[in-house]
Amino acid sequence: MTSVPNTQAKVILHLDMNSFFASVEQAYDPKLKGIPMAVAGNPKERRGILVTCSYEARALGIYTTMSVGEARRICPDLVIVPPDFEKYRVASNAVFTILRSYTDLVEPVSIDEAYIDITDIGGLTNAVQIAEHMQRRIFHELDLPCSIGIAPNKFLAKTASDMKKPMGITILRKRQVPDVIWPLPVIEMHGVGQSTEKRLNELGIMTIGDLAKADETIIKSKLGKNGNRLRNRANGIDYRPVDPDAAEERKSVGSSTTLPVDETELSVCLEIFKRLSVKVAQRLDRLQLAGTVVMIQMRTSDWRNFTRSRTVLNPLYKAEDLYKEAAELFQRHWERDPIRLLGITVSNVIPMNELNEQLSFDNFELYAKEAKLDDLVSELEKKFGPNSVKRGLRER
């Protein structure tokens with residue numbers, strides 16, 4: 001029997017905190033309000049990267065990921081503060097506490113955004129009033145601005161929340177999709193990055209409307225199952241429920257295997273890692289996830305267990321990339337003891353359609369570690385001279 005998605009009318013909110021890290025800093029220090037300011041990994045160094053910036057800075061052409069040097073060339077008076085991730089975590093928890101006072105159907109998807117299903121608390125008739133009340137409470141109780149999208153599904157709600165910032169509330173109905181969304185270039189669609197844009201452009205698909213009307217078979221042949229998902233969303237179709245447990249369930253994806261005999265040959269072990277990488281990549285694809293930490297597990301013939309992991313800045317999901325990291329870790333740390341079990345796990349995972357959009361609960365703290373590492377590099381260069389220290393991948 002074919003299962004039919006639950007098409008009961010839903011009202012979904014997507015709440016997106018505005019310039020979250022910068023807003024938290026402004027809430028703690030009102031002198032930072034109303035001026036161009038930014039949070040940067042290393043404010044003392046020109047090569048430091050802006051983690052976020054205020055809307056006053058954005059109005060001047062400054063943006064997230066710009067270097068401190070570039071930003072200061074645009075605005076010499078730009079005020080830059082170092083990140084305080086514990087402060088941001090506390091503020092995030094306070095926001096989610098407010099949201100959960102309305103309903104349990106709150107799905108955090110990053111440190112500063114969430115989906116909320118308000119169908120059963122009067123959303124069908126009072127969606128705007130509920131959204132306004134949430135927005136006012138967060139602003140008055142925490143001094144933090146947010147934008148909220150209101151729609152019948154997650155994709156449209158997330159699209160709507162981007163339409164008016166800061167402190168916007170936007171309704172996006174499915175019947176508005178042809179007029180509001182279809183004229184936009186495909187790169188502006190959530191879930192479409194530069195590589196997907198390139199592949200779509202090669203098919204002559206330039207706008208979201210082109211994608212919505214494209215031949216389903218051609219899209220699937222070029223982009224696989226994800227192509228069909230994107231095509232459905234371009235038509236305003238998205239059946240994903242708001243799942244409060246989703247953030248916990250998607251923290252890691254892995255696979256391991258017990259070897260038929262204790263193995264001492266490097267080539268055989270690497271071949272096993274290759275097969276495990278394919279399995280993990282397939283699971284990541286099925287769940288539409290990518291992760292920034294690759295961990296290998298080793299169990300020796302005398303039942304000693306070891307794990308080694310590496311953190312990368314660009315989330316991984318392809319089998320060849322997972323294998324490369326796993327193979328390097330294994331060859332670096334294996335001491336030629338006979339191997340009984342091998343495994344690979346990818347953690348700090350986030351949805352693929354958020355790869356270029358948000359910092360997850362786990363990986364946003366990588367930026368704090370980056371800032372500390374930048375400080376260390378600076379100190380070493382003062383002692384041993386410029387460019388005396390080369391940065392590499394973090395490993396643990």
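**Close-up views of a predicted model**

**Figure 1. Strand β12 and its two partner strands.** 11 bridges link strand β10 (residues 289-300) with β12, and the two run antiparallel. Strands and helices here are DSSP runs, numbered from the N terminus (E, at least two residues, for strands; H or I, at least four, for helices). Two strands count as paired if DSSP finds at least two bridges between them. Within β12, Ile-344 is the residue opposite Ile-296. β12 also pairs with strand β9 (residues 252-263), in the antiparallel sense and over eight bridges. In that pairing Glu-263 faces Ile-339 of β12. Of the 13 residues of β12 (residues 339-351), 11 are buried, so the strand is largely enclosed by the rest of the structure. Buried means under 20% relative accessible area, exposed means over 50%, and partly exposed lies in between (1.4 Å probe, protein chains only). The model is predicted, so local features need pLDDT of at least 70 and side-chain atom pairs count only at pLDDT 80 or more, whereas totals for chains, interfaces and linings use all residues. Residues are numbered from 1 along each chain as its sequence is written, and side-chain values use heavy atoms, with hydrogens and water left out.

**Figure 2. The protein chain as a whole.** The protein chain holds 15 helices and 13 strands. Of its 396 residues, 48% count as buried. Among contacts between residues at least 6 apart in sequence, 64% join residues at least 24 apart. A contact means heavy atoms within 4.5 Å.

**Figure 3. The open sheet of five strands.** The strands of this open sheet come in the order β5-β6-β1-β7-β8, with mixed pairing. β5 (106-110) and β8 (169-171) are the edge strands; each has a single partner strand, so one side of each has no neighbour in the sheet. Neighbouring strands are turned against each other by 20 degrees on average, direction ignored. β7 and β8 run parallel and are joined by three bridges. Ile-148 has Ile-169 of β8 as its bridge partner. Helix α4 lies across β1, β5 and β6, and runs at about 155 degrees to β5. Axes are lines fitted to C-alpha atoms, for helices over the stretch in contact, and angles run from 0 to 180 degrees between N-to-C directions.

**Figure 4. The largest nonpolar core.** This core has 35 residues, of which Leu-15, Phe-20, Leu-99, Met-134 and Ile-138 touch the most other members. A nonpolar core is a set of buried Ala, Val, Leu, Ile, Met, Phe, Trp, Tyr and Cys residues joined through side-chain atoms within 4.5 Å. Two or more residues each come from β1 (12-17), α1 (20-28), β2 (37-40), α4 (85-100), β6 (113-117), α5 (123-142) and β7 (146-151). The most come from α4, which gives seven residues. Beyond its neighbours within four places in sequence, Leu-15 is in contact with residues including Val-95, Leu-99, Ile-116, Ile-138 and Ile-148. Another core, of 29 residues, lies apart; among its members are Cys-269, Leu-270, Tyr-323 and Trp-334.

Figure 5. The whole structure contains six aromatic pairs. The ring centres of Phe-20 and Phe-21 are 5.9 Å apart and the planes are at 50 degrees, so this pair is tilted. Rings of Phe, Tyr and Trp (its six-membered ring) pair if their centres lie within 6.5 Å; planes under 30 degrees apart count as stacked, over 60 as edge-to-face and the rest as tilted. Phe-20 and Phe-21 are both buried, and together with Phe-85 and Tyr-88 they form one aromatic cluster. The charged end of Lys-87 sits over the ring of Tyr-28, at 4.7 Å from its centre. Arg-58 lies over the face of Tyr-55, 4.8 Å from the ring centre. A charge sits over a ring if NZ of Lys or CZ of Arg is within 6 Å of the ring centre and within 35 degrees of the ring normal.

**Figure 6. Helix α11 and its surroundings.** Gly-227, Asn-228, Leu-230, Arg-231, Arg-233 and Ala-234 are buried in α11 (residues 225-234). The buried residues of α11 pack against α6 (154-161), α7 (177-180), α8 (194-202), α9 (208-213) and α10 (216-223). Gly-236, with a positive phi near 80 degrees, follows α11.

**Figure 7. Met-163 in its loop.** Met-163 is placed in the loop between α6 and β8. Its relative accessible area is 38%, and Met-163 is thus partly exposed. Leaving out residues up to four places away in sequence, Met-163 touches Thr-170, Leu-172 and Val-180. Ser-147 is 16 residues from Met-163 in sequence and 8.8 Å from it in space, C-alpha to C-alpha.
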